[in-house]
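Have the viewer open while you read.

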Amino acid sequence: MHLRLLRWAVAPAGLALFLLAGQTSFTRAQTTTGTTGMSATSMDAAINAAYEKYRGLQEGKNADYIPALAKVNPNLYGIAMIGADGKVHTAGDVTSQVSIQSISKVFTMARVIQDQGADAIAKRIGVDATGMRFNSIVAVEMANKLLGGPEMNPLVNPGAITATSMVQGNTADEIWAKILSTHNDFAGRDLSVIQDVYKSESDTNQRNQAIGMLMFAYGYIKDNPQRATDLYTRQCSIGVNAKDLAAMAATLAFGGRNPVTGKQAIDVKNVPYVLAVMATAGLYDDSGKWLYYTGLPAKSGVGGGIIAVSPGKFGIAVVSPPLDEAGNSVRAQKAITDVSNTLGGNPYVSRPTMAH
Ligand code: DON
């Protein structure tokens, strides 16, 4: 356990590096060329190649702890990518909907940061990787008893349910309207809940209900934990396709402004905080491995989607339901890694100077 803690103690240094690299590429894209340096042809070629390469892959399994997810077609597979010009590049099925699941955690966190400032999340929930499964109760106990405070993050279930509880409003409907409109602004269209998924998860989410109660017992959630867990379940059931997810990623890639609709979803100053937590914890206990091979802040969901962000260059999303052991889509991880590395999406990549 101590080794795990030590492992995560190095995360802040990595984050600082990431923020610096992301800032540099954003500045370069905005001020020097006004473009990302990637042609539409190279983007199409990269996503078509990744689509074909992994189409026949038979690894992974749909999530089944939410019964409705087990019924989704495992062959559904689509890639969408959006660069600075807002043009949507696609391969495969980019219109069939899956539930957004944990990817929603990013946008509810973004809403809380936007309304209450970056410290609100850091002080109440924490912005550190837990190194444990996304629905770990041990992580809550450890944060509380061993680490002595908010040492989780808004992308694991305890932190996410708490973040949902922090969205302000007098009634559940008022809070929900804020959560949904934030998702809509990022996606660039009016989204809605997939009712079958919402019912299925509501019927089987006793573990999340327990997590909500525990977060209330320990004072992270201030009131009405049942309402917070229900709204969290609802946000996880929002239906999205690969194009929606790519637009959400691209909004984070380009200073919080949706490059398709032109709408500013969150302030430019808040984007680095959102990306930092995605880099730290977006793929749960596999976040380190993911960052090592791609350098990209990303977020997965058990519905089969993954979004990834190359700051100032592109937002990309893949939908493919079969998941690996950590709960991340197998095809999506492989396809995004290939596409990004082909196009130079890793924000840590730099060139030696010519001074000597
Ligand atoms: O709370 C849950 O278990 C789901 N609604 C979301 C989990 C999830 O997507 C984890 N992601 N990889």
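Which of the 14 residues around the ligand come nearest? They are Tyr 65, Gln 101, Ser 102, Glu 201 and Tyr 232; a residue counts as near when one of its heavy atoms lies within 4 Å of the molecule.

Before going on, a word on the ground rules. This is a predicted model, where local features need pLDDT of at least 70, side-chain atom pairs count only at pLDDT 80 or more, and totals for chains, interfaces and linings use all residues. Residues are numbered from 1 along each chain as its sequence is written, and side-chain values use heavy atoms, with hydrogens and water left out.

**The ligand and its shell**

Sorted by class, the shell holds six nonpolar, seven polar and one charged residues. For that tally, Ala, Val, Leu, Ile, Met, Phe, Trp, Tyr, Cys and Pro are nonpolar, Asp, Glu, Lys and Arg are charged, and the others, Gly among them, are polar.

Here are some N/O distances between ligand and protein. A polar contact is a pair of N or O atoms within 3.5 Å; within protein, one must be able to donate a hydrogen and the other to accept it, and residues adjacent in sequence count only if both atoms are side-chain atoms.

| Protein residue | Protein atom | Ligand atom | Distance |
|---|---|---|---|
| Tyr 232 | side-chain N or O | oxygen | 2.6 Å |
| Tyr 284 | side-chain N or O | nitrogen | 3.4 Å |
| Val 302 | backbone N or O | oxygen | 2.8 Å |

Taken alone, the ligand exposes 340 Å², and the protein buries 99% of that. Accessible areas come from the Shrake-Rupley method with a 1.4 Å probe, and for residues only the protein chains shown count as cover.

Gln 101, one of the residues that come nearest to the ligand, sits in the loop between strand 3 (98–99) and helix 5 (104–116). Helices (H or I, at least four residues) and strands (E, at least two) are DSSP runs, numbered from the N terminus. Gln 101 counts as buried because its relative accessible area is 2%; the cut-offs are under 20% for buried, over 50% for exposed, and partly exposed in between (1.4 Å probe, protein chains only).

What is the phi of Gln 101? It is positive, about 50°, although Gln 101 is not a glycine. Most residues other than glycine have a negative phi.

With a relative accessible area of 7%, Val 197 is buried. Its C-alpha atom is 9.2 Å from that of Gly 239, 42 residues apart along the chain.

**Around helix 12**

Asn 224 is in the loop between helix 11 (206–217) and helix 12, and has a positive phi of about 50° without being a glycine. Its relative accessibility is 33%, so Asn 224 counts as partly exposed.

Asp 230 lies in helix 12 (residues 225–236). Is Asp 230 buried or partly exposed? Partly exposed, because its relative accessibility is 28%. The side chain of Asp 230 makes a polar contact of 2.6 Å with the side chain of Tyr 198.

Asp 286 sits in the loop between helix 14 (271–281) and helix 15 (287–294), and its 16% relative accessible area makes it buried. Beyond four places in sequence, Asp 286 contacts Asp 324, Ala 326 and Asn 328.

Asn 184, in helix 9 (residues 172–187), is buried at 12% relative accessibility. Not counting residues up to four places away, Asn 184 touches Arg 189, Asp 190 and Leu 191.

The protein chain has 16 helices and seven strands, and buried residues make up 56% of its 356 residues. Of the contacts with a separation of 6 or more, 74% are between residues 24 or more positions apart. The accessible surface comes to about 14800 Å², of which 55% belongs to carbon and sulfur atoms.

As for pLDDT (the predictor's confidence in each residue, from 0 to 100), the chain averages 90, and 90% of the residues score at least 70. Over residues 1–35, though, the pLDDT is below 50; this stretch has 40 contacts in the model beyond near neighbours in sequence. Where pLDDT is low, the predicted coordinates should not be read in detail.

Note on methods
Contact = heavy atoms within 4.5 Å.
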